[in-house]
Amino acid sequence: MPRVSAGLLMYRRREGRLEVFLVHPGGPFFAKKDLGAWGIPKGEYKKDEEPQAAARREFVEETGFVAKGPFKALGKIKQAGGKIVTAWAFEGDCDPAELVSNTCEIEWPPKSGQLLEIPEVDRGHWFSIAEAREHIKKTQEPFLDRLCEMSE
């Protein structure tokens with residue numbers, strides 16, 4: 001059974017253009033990665049957890065912001081590693097400077113046996129759709145396409 005994850009894509013309209021809020025993963029592996037490293041706030045969930053509830057929980061854990069519906073289904077995508085991600089879009093706003101992420105432990109350097117505590121997300125940013133296409137993980141780009149189709 002593939003790993004499953006659920007997430008939320010917050011969007012807003014500014015000066016007549018659509019913008020999306022993406023997050024950058026924390027930790028030393030992503031420290032110098034920018035283009036193609038950003039994504040929607042998301043996380044894994046268990047069989048007994050409802051995916052949209054998991055998406056809302058993960059959004060709060062990774063950003064500190066509460067997501068308020070209505071939520072629009074963006075469907076599923078399969079990431080490069082095989083993980084299936086289900087996402088929803090919602091209209092909202094936030095100040096990226098106020099982002100507060102939970103932390104996790106990773107082994108760093110790899111195979112060293114040393115644990116390092118890192119934020120799951122180290123920053124968030126509002127992007128135009130064109131900018132988001134450059135920054136988002138390519139496997140998550142269909143979520144942008146689906147949001148644009150809904151917003152026309």
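**View 1. Lysine 111, out in the open.** Lysine 111 is exposed, with 80% relative accessible area; here exposed means over 50%, buried means under 20%, and partly exposed is in between (1.4 Å probe, protein chains only). This lysine sits in the loop between S6 and S7. Helices (H or I, at least four residues) and strands (E, at least two) are DSSP runs, numbered from the N terminus. Lysine 111 also has a positive phi of about 60°, although it isn't a glycine. In general, most residues other than glycine have a negative phi, and most peptide bonds are trans.

A quick note before going on: this is a predicted model, where local features need pLDDT of at least 70 and side-chain atom pairs count only at pLDDT 80 or more, while totals for chains, interfaces and linings use all residues. Residues are numbered from 1 along each chain as its sequence is written, and side-chain values use heavy atoms, with hydrogens and water left out.

**View 2. Glutamate 15, in the loop between S1 and S2.** Is glutamate 15 buried or exposed? Its relative accessibility is 87%, so it counts as exposed. Glutamate 15 is not a glycine, yet it has a positive phi of about 50°.

**View 3. Two cis peptide bonds.** Which residue is joined to proline 109 by a cis peptide bond? The partner is tryptophan 108, and omega is about -10°. Proline 109 belongs to the loop between strand S6 (103-107) and strand S7 (115-119). Another cis bond links glycine 69 to proline 70, with omega about 10°. Look for proline 70 in the loop between helix H1 (51-63) and S4.

**View 4. The largest nonpolar core.** A nonpolar core is a set of buried Ala, Val, Leu, Ile, Met, Phe, Trp, Tyr and Cys residues joined through side-chain atoms within 4.5 Å. The largest one has 20 residues, and Leu9, Val20, Leu22, Phe143 and Leu147 touch the most other members. Two or more residues come from each of strand S1 (4-14), strand S2 (17-25), strand S4 (72-78), strand S5 (84-91), helix H2 (129-135) and helix H3 (141-151). In soluble globular proteins, nonpolar side chains tend to be buried together.

**View 5. Leucine 9 and its contacts.** Contact means heavy atoms within 4.5 Å. Skip the neighbours within four places in sequence, and leucine 9 still has contacts that include Val20, Ile40, Leu74, Trp88 and Phe143.

**View 6. Glutamate 141, in helix H3.** How many residues apart in sequence are glutamate 141 and glycine 36? They are 105 residues apart, but 9.8 Å apart in space, C-alpha to C-alpha. Not counting residues up to four places away in sequence, glutamate 141 touches Arg133 and Ile136.

**View 7. Zooming back out.** The protein has three helices and eight strands, running β-β-β-α-β-β-β-β-β-α-α from the N terminus. Its radius of gyration is 15 Å, close to the 15 Å that the globule rule gives for 152 residues, so the protein is as compact as a globular protein of that length. That radius is taken over C-alpha atoms, and the rule is 2.2 Å times the number of residues to the power 0.38. Buried residues make up 43% of the 152 residues.
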